[in-house]
Each structure stands twice: as structure tokens, then as C-alpha cells.
Amino acid sequence: MSAPDLAEAAQQLAREGLVVGTAGNVSVRTRAGLVITPSAVPYEQLTSAHLAALDAVGVQVGGTHRKSSEWRLHLALYQARGDVQAVVHTHSAAATALAVLRRPIPPIHYAMHQLGGEVPVAPYATFGTAELAEGVVAALGAGHAALMANHGAVVVGESLAAALERARLLEWVCRVYLHALSGGTPHVLSPSEMAAAAERLQSYRPAPP
Ligand SMILES: [Zn+2]
């Protein structure tokens, strides 16, 4: 995973309105630790020179700007989950609205299979703290997406592209859920309905080259 990809990914999230100003952050796992977007650089101006390289315990070893204040969250996710190669944390509006309601998202659409099924809500803790990181790791479990109470959302991916796609999907699902809630009581898919959809999605996955 190259650093320019990460800067480009962060800019993409800003263009799509998933992150605003300097809120939210993106990282990728590296052999030495991780590379994460810096604090206090607006995403539109972000280049690979700004990215902060951290070692395996979170000490900054490269980059012209200070690591994101939420680096503990990213590091904890890489430590807890060997399959995770990229982490995207946003304050995207619909996801944050549900995080404010502290309302987990039940499987209301088969596409939520890509998020790991139901999306949990991690307990509230002050941003940037180890307590927040621990709560998110516990809530996420083996899933791919979690809301963070009164804060935002986080998704993980086996690649940067997968994490970006999940960040977009999560925001879309949250918008749909909020709309559905405003019109009545949303129906939830059963475990067997979700399993059948998962099986079908697998069969549509492109064959490896
Ligand atoms: Zn945040």
C-alpha cells in the first residue's frame, strides 16, 4: 500500500462529503506499523508528505505533520485484527445521527453482509483515548463496521479500497435506515435471509486472476 493512495483516498472521502474539514481519519497497515492521515490538515490540501508513519506501538517515525489524534483507535484495530489492512473513521452525517441515537443498525438490507451484518454501537468515551479504542474493538468483534456513540463511525477492510467502499455503504445504509424509521417500523431480515444473500453475493464475486 503506497502513501499516495492513502492521501488520494482521504481526498476522495472529502469530495464525497464523508469527511468534512479535518474530521475523520484514514490509515493503512505497513510492515513497520501504520501510516495515518495527520491532524489539522484539511483533506483537500493533503499530500503524501503530510502522512504520519507510526511504528508498531504508535510512535511517529515519519511525516511532516503530527499524527491524527485518533491514532490509538487505528492501532488498536490493527493489533486486534490480523485481517485488517485499512481503517476509515468518519463523522459522516447519517452514521453520526444514528450514533447519537445510540441505535445499532439491524440487518435491514442484504448489502449489509458486506459490513458484517448488524452494525453495533461502541460506548461513548472521549475522542483520542485508549478507552474509546478499547470500546470500539470490543463492539466491532469480527465485523467490519461500528458506530461510535455521539461521535461517528469506523469501518475496516482487507484493503484500502474495501474500507473506502464500506465507508460509503455504511453511510448509505444509515441514510436508508433513518428514512425508513421516519415512515414506520423497518422490517429486519432474518439470519437465514441474510445467509442466503451472503451465499448469492459470494457466487457473484469475480474469480481470482
Ligand atoms: Zn472522530
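Start by selecting histidine 144, which sits in the loop between helix H4 (130-140) and E7. Helices and strands here are DSSP runs, numbered from the N terminus: helices are H or I with at least four residues, strands are E with at least two. Keep in mind that this is a predicted model, where local features need pLDDT of at least 70 and side-chain atom pairs count only at pLDDT 80 or more, while totals for chains, interfaces and linings use all residues. Residues are numbered from 1 along each chain as its sequence is written, and side-chain values use heavy atoms, with hydrogens and water left out.

Is histidine 144 buried or exposed? It counts as buried, at 18% relative accessibility. Buried means under 20% relative accessible area, exposed means over 50%, and partly exposed is in between (1.4 Å probe, protein chains only). Now show what surrounds histidine 144: leaving aside neighbours within four places in sequence, its contacts include Arg81, Gln114, Val155 and Arg166. Contact means heavy atoms within 4.5 Å.

Arginine 81 is buried, with a relative accessible area of 10%, and it forms a salt bridge with aspartate 83, the closest N and O atoms being 2.9 Å apart. A salt bridge is a side-chain nitrogen of Lys or Arg within 4 Å of a carboxyl oxygen of Asp or Glu. Aspartate 83 itself is partly exposed, at 41% relative accessible area.

Next, color strand E7 (145-148). Both of its faces are covered: Ala145 and Leu147 on one side, Ala146 and Met148 on the other, all buried. In a regular strand the side chains alternate between the two faces of the sheet. Look for valine 121 standing opposite leucine 147.

Now go to the zinc ion. Which protein atoms are its donors? They are NE2 of His89, of His91 and of His151, lying 2.1 Å from the zinc ion. Donors are N, O and S atoms within 2.8 Å of the metal (3.2 Å for Na, K and Ca); water is not among the atoms, so sites may look incomplete. Along the chain, the donors follow the spacing H-x1-H-x59-H. Histidine 89 lies in strand E5 (residues 86-90) and histidine 151 in the loop between E7 and strand E8 (152-157), so the pair ties together parts that are 62 residues apart in sequence. Histidine 89 and histidine 151 are both buried.

For another link across the chain, select glutamate 16 and arginine 168, a salt bridge whose closest N and O atoms are 2.6 Å apart. Glutamate 16 is in the loop between helix H1 (3-15) and strand E1 (25-29), and arginine 168 is in helix H5, 152 residues apart. While you're on helix H5 (residues 160-183), pick out tryptophan 172, which counts as partly exposed at 34% relative accessibility.

Then move to isoleucine 108, in the loop between helix H3 (93-101) and E6. Isoleucine 108 counts as buried, at 17% relative accessibility. Its contacts, leaving aside neighbours within four places in sequence, include Val173, Tyr177 and Pro186.

Notes: Pairing = 2+ DSSP bridges.
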